Structure formats: C-alpha cells, structure tokens
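Welcome! Take a moment to look over the sequence and the model, and then we will walk through them together.

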Amino acid sequence: MLAGPLLLPPLLLAVLLCVSGGAKLRHPEETRSAFAQLQLPRALTDSPAPRVLPWAEIVLAVALVVTPAPFALGVAVVTLGLLIAYLAVIVRALGFGYPVTCSCFGRLGLGEVTRRTAWRNVLLVLVGLLTLWSASAEASVLARLAEASAATWVWLALVVVTVAVVVVTFGGTKGATPAPAAAATDEEELDYSRQPMPYAALEDEAGRSIPLTALVAEGAVLLLFISPGCGPCTPVIEELPGWDEGLGPVRVRAVVAQPVELATQQAPALSGRVLHDPQGTLARIFGVGTPAAVLLGGDGLLAGGPVRGRDQVVDFVGDVRAELLDAGALDEAPAPEQVSDGR
C-alpha cells in the first residue's frame with residue numbers, strides 16, 4: 001500500500017537537488033559568496049568545495065533514482081547528512097545578530113535567511129528521513145517506477161499537479177515590480193517621483209546613531225548597500241573609494257548590516273566610508289538586498305533609486321555622474337573606472 005507514496009520522497013529530493021545544483025552551476029560565484037556570507041571556515045570557503053558542491057548535488061540526485069539496494073541506503077544516508085548540515089548552517093546563521101543572505105538554490109534562492117528558511121530545511125530533513133525508509137526497498141526508484149501500476153502513476157501525477165498549482169498560486173517572486181504596460185509611450189512616462197526620506201538612522205564607525213536627515217545636512221549622499229563576502233558586491237566595494245572621490249559634492253557611503261569591525265576586516269576599502277544598518281532596518285524599508293543603491297538628496301527627499309543588482313548599481317552611479325556634469329557640479333574629467341564584466 002505504501003509502495004506509491006514512498007516513491008515520492010526520493011523523487012522530490014532528486015528534483016530539488018537537480019534544481020539547486022543547476023542553479024549553482026549557472027552562477028558559481030554565488031556559491032562561494034554563500035559560503036562567505038554564512039561564515040563557514042575560511043579553509044572551506046577557499047577550497048574547491050564551492051565548485052564541487054553543485055556537482056555533488058546533481059550526482060546525489062541521479063543516484064537517489066537509479067541506485068539499487070543495498071547501495072541505495074548509503075546514498076540516502078549521505079543525502080540526509082547533507083540536509084542536516086544545511087539545516088545546522090542556517091540555524092547557526094540565525095544567531096549572527098544581523099541579516100544574512102545566501103544562495104541556497106543559486107540565484108533562485110537568493111534571499112535573507114530567516115526562521116522560515118530554517119523551517120523549510122527542517123521539512124527537507126523529514127523528507128530525507130522518508131527517503132531513508134524508501135531506500136530500504138529491494139529495487140531502485142527507477143525500477144519501481146517502471147513496474148508501478150497505472151493507479152500509482154495517476155497518484156504521482158495528481159501530486160505533481162497539486163504542487164504546481166500551489167507554486168503558481170503562492171510562489172510569485174517576492175518584491176517583484178510589475179512590468180510597465182506595453183502600450184505606454186515615452187511621453188506618458190512619469191518623471192521620478194521624489195519622496196521624503198524614511199525616518200530612520202544609521203550608525204557610524206564609532207557607533208553613534210545618525211538620522212538620515214543629519215547624514216545629508218552637508219549635501220547629497222549615495223548609499224551603497226553591500227555585504228563583504230557577497231560575490232556581486234566585491235567589484236562594487238573595490239570601486240567605492242573611486243566613486244566617492246569622483247562624484248564631487250555627492251558623498252558615497254557603504255551600508256552594511258554586519259558589525260562595522262567585521263565589515264572593515266573583510267573589506268579594508270570600506271574604512272572611513274561605512275555605515276552600520278542595525279538589523280538591516282533601512283534595507284528592509286527600501287526593500288533591497290545586496291548590492292543596491294539609493295541617492296539621498298540634501299533637501300531631505302529621495303533623489304534616485306533604489307536600484308538593485310550589480311549592473312544596475314554601476315549604471316546608476318554613471319547616471320548620477322552624468323547629472324552632476326550636466327549641472328556643472330563636476331569638472332569634465334574621465335569617469336571613475338567602471339566595473340568590468342568579469343566576476
């Protein structure tokens with residue numbers, strides 16, 4: 001009676017591991033970034049582990065389906081061990097005291113680590129335990145599928161349809177911005193609507209709280225939301241000093257969620273140009289991750305952004321410079337070196 005249902009756990013894990021491994025292979029820099037963000041041992045982060053992990057996930061996915069008894073039990077144990085390790089890393093990250101993002105499913109899973117992330121991993125461990133039970137069968141998952149009755153195939157199909165409906169209904173991209181209507185013309189596009197800056201504060205390197213209104217008392221400030229160790233943030237961090245010196249009256253400051261001491265240890269270029277965002281409050285207000293940028297006007301209004309993503313941040317800085325040149329606030333000089341396409 002349980003033959004059909006017990007096919008589901010290994011199949012589910014096989015699909016998840018394939019998706020996860022494939023996503024990591026598409027953006028390998030995100031995996032190394034996740035290792036750094038989650039503060040895994042430096043020896044592990046600098047080892048081949050970030051490159052090997054996606055291939056290991058794909059190999060495990062295939063092995064879960066094709067490996068016959070008694071070797072299937074060993075594959076199930078290894079898979080369960082990997083899931084438990086993932087859960088332990090996530091639970092540990094929840095105790096850091098500041099928001100952490102990770103690429104658990106490559107860019108498909110790029111987001112803040114929360115209790116919801118931990119509960120998801122708990123459920124995956126439970127599925128891993130059921131997979132262990134399933135592996136005690138005499139035949140492989142593939143062989144059992146080949147011999148399955150029509151009723152079992154119908155049951156599996158209904159499960160797939162149900163999952164698809166749930167994903168389509170509730171799995172929309174968080175924070176997605178609706179695309180503009182195709183019929184809109186250039187004349188109909190609205191100018192950037194300047195809104196008041198949120199009532200929030202950041203902390204300087206000495207730990208003093210600075211309201212945003214005080215931060216812009218001496219002029220506009222371009223805030224770059226970054227996280228040392230975040231792959232896409234690295235080129236932005238490297239360019240930050242040049243941008244700060246090359247944008248004239250506009251000061252450029254990095255905003256980090258982790259303690260300033262830790263951030264400057266990981267990225268010395270931030271020293272003197274970094275602000276702490278306790279608990280990631282301001283990032284949550286703007287609805288951004290890392291890297292991202294927003295321009296605060298000296299008049300207390302938002303002057304541009306927020307924009308999200310490495311390429312968007314680079315383009316945004318270029319736009320700010322162009323506006324300053326047009327306004328005569330900068331001398332005509334070569335723009336600060338732009339970030340290359342290389343990672």
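Of the 343 residues in the protein chain, 42% count as buried. Keep in mind that you are looking at a predicted model. The chain exposes about 18,700 Å², and carbon and sulfur atoms supply 64% of that area. Its secondary structure comes to 13 helices and nine strands. If you take the contacts between residues at least 6 apart in sequence, 67% of them join residues at least 24 apart.

**Confidence**

How confident is the predictor? The mean pLDDT of the protein chain is 77, and 80% of the residues reach 70 or more. Two stretches call for care when you read the model. Over residues 172-190, pLDDT stays under 50, and the model has two contacts there beyond four places in sequence. Over residues 338-343 the pLDDT is also below 50, yet this stretch has 15 contacts in the model beyond near neighbours in sequence.

**Helices that pack together**

| Helix pair | Angle | Axis distance |
|---|---|---|
| α1 (residues 8-26) and α6 (residues 115-134) | about 125 degrees | 8 Å |
| α4 and α5 | roughly 140 degrees | within 10 Å |
| α10 and α13 (residues 310-326) | about 5 degrees | 12 Å |

Let's start with α1 and α6. Their axes pack at an angle of about 125 degrees, and the two helices are therefore oblique to each other. α1 passes α6 in a left-handed crossing. On the α1 side, P9, P10, L12, L13 and L16 take part in the contact, meeting L124, V127, G128, L130, T131 and S134 of α6.

Next come α4 and α5, whose axes cross at roughly 140 degrees. That angle makes α4 oblique to α5. This crossing, too, is left-handed. From α4, the residues L53, E57, L60, A63 and L64 make the contact, and from α5 the partners are V75, A76, V78, T79, L82 and Y86.

How are α10 and α13 oriented to each other? Their angle is about 5 degrees, and that makes α10 roughly parallel to α13. Here P235, V236, W243 and G246 of α10 meet R310, V313, V314, V317 and R321 of α13.

P70 sits in the loop between α4 (49-66) and α5 (71-94). The peptide bond leading from A69 to P70 is cis, with omega near 0 degrees.

P211 belongs to strand β4 (residues 209-211). Setting aside neighbours within four places in sequence, P211 is in contact with A200 and A201.

C230 is found in the loop between β5 (221-225) and α10 (233-246). With a relative accessible area of 5%, C230 is buried, because anything under 20% counts as buried.

Methods. Residues are numbered from 1 along each chain as its sequence is written. This is a predicted model: local features need pLDDT of at least 70, side-chain atom pairs count only at pLDDT 80 or more; totals for chains, interfaces and linings use all residues. Side-chain values use heavy atoms; hydrogens and water are left out. Helices (H or I, at least four residues) and strands (E, at least two) are DSSP runs, numbered from the N terminus. Buried means under 20% relative accessible area, exposed over 50%, partly exposed in between (1.4 Å probe, protein chains only). Contact means heavy atoms within 4.5 Å. Accessible areas come from the Shrake-Rupley method with a 1.4 Å probe; for residues, only the protein chains shown count as cover. pLDDT is the predictor's confidence in each residue, from 0 to 100. Axes are lines fitted to C-alpha atoms, for helices over the stretch in contact, and angles run from 0 to 180 degrees between N-to-C directions. Angles under 35 degrees count as roughly parallel, over 145 as roughly antiparallel, 65 to 115 as roughly perpendicular and the rest as oblique. A crossing is left-handed if the near helix is turned anticlockwise from the far one by less than a right angle, and right-handed if clockwise.
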